[in-house]
Amino acid sequence: MRFVEKDWTTSVIQHKRRPTGWIIAVVLLIVVTALAGVLWISNQKLYTTIYQSEQSNQALTKKLERYQQELTTVQKNVRTIEEDTAIHDMTHQIEDYVATDDFVVNKIYFYKDPSHQLEYLYIDIYNQPKMEPYYSAQGVYDLPDQQVQAKCEQMIDDVQQLYAEGEYLPTWNKKTVVYMTINNYEIGNNINGKFQLTVK
């Protein structure tokens, strides 16, 4: 009987090579799965960060809108204060200062509307000495209407010229109504740029 020697090393090496492909496939599968898991977690974190950033941006946008509204309110208040201060200063400049040959401004009152226009004003006057003999009473003069109108228009023009030199004042335009009085008795009014005596 003949003994055949087996090459055990070759047999063992061949035996070891067979499961290696399967192990590599399993390892690759595990690595790919792990990478996919890491990518999925990173993706979820990225989505969470983006969502939080969007929420933060919305909150900041709302705050900015609120601050802009508050700033607008402050600007309106500042403009109102500037106008009121300018009106106060102009009142003191005009009273007992603006005068014609016939009249002197005694008191003046300005009234503005919400759109920063001068809606109307009252000019209360007293007579220069030369006009006293012509003044009857209660806003009536013993002069032709045209003369009284011209004298009143001159007074209004002089007041308007000084008013135009001021800053931050409401706009005096053609729609601004001017009431002229003497000792609080109405003489007439200027509507749409035309002065008319009050009917007595």
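This is a predicted model: local features need pLDDT of at least 70, side-chain atom pairs count only at pLDDT 80 or more; totals for chains, interfaces and linings use all residues.
Which residues does Ile-94 touch, not counting residues up to four places away in sequence? The partners are Val-105, Ile-108, Phe-110, Val-159 and Leu-162.

**The core**

Ile-94 is among the residues with the most contacts inside the largest nonpolar core, which has 31 residues. Now colour by element. At least two core residues come from each of α1, β1, β2 (118–127), α2 (145–164) and β5 (177–182). Helix α2 gives the most, with seven residues.

**The loop between α1 and β1**

Next, select Asp-96. This residue is found in the loop between α1 and β1. Check its backbone: phi is positive, about 60 degrees, although Asp-96 is not a glycine. Asp-96 has a relative accessible area of 53%, so it counts as exposed, the cut-off being over 50%.

Move along to Thr-100. Thr-100 lies in the loop that runs between α1 (8–94) and β1 (103–112). Is Thr-100 buried or exposed? Its relative accessible area is 10%, so Thr-100 is buried, as the limit is under 20%. Show its contacts, leaving aside neighbours within four places in sequence. They are Gln-128, Gln-154, Met-155 and Asp-158.

**The loop between β1 and β2**

Finish at His-116. Where does it sit? His-116 lies in the loop between β1 and β2. Look at the backbone again: His-116 has a positive phi of about 65 degrees and is not a glycine.

Key
Residues are numbered from 1 along each chain as its sequence is written. Side-chain values use heavy atoms; hydrogens and water are left out. Helices (H or I, at least four residues) and strands (E, at least two) are DSSP runs, numbered from the N terminus. Buried means under 20% relative accessible area, exposed over 50%, partly exposed in between (1.4 Å probe, protein chains only). Contact means heavy atoms within 4.5 Å. A nonpolar core is a set of buried Ala, Val, Leu, Ile, Met, Phe, Trp, Tyr and Cys residues joined through side-chain atoms within 4.5 Å.
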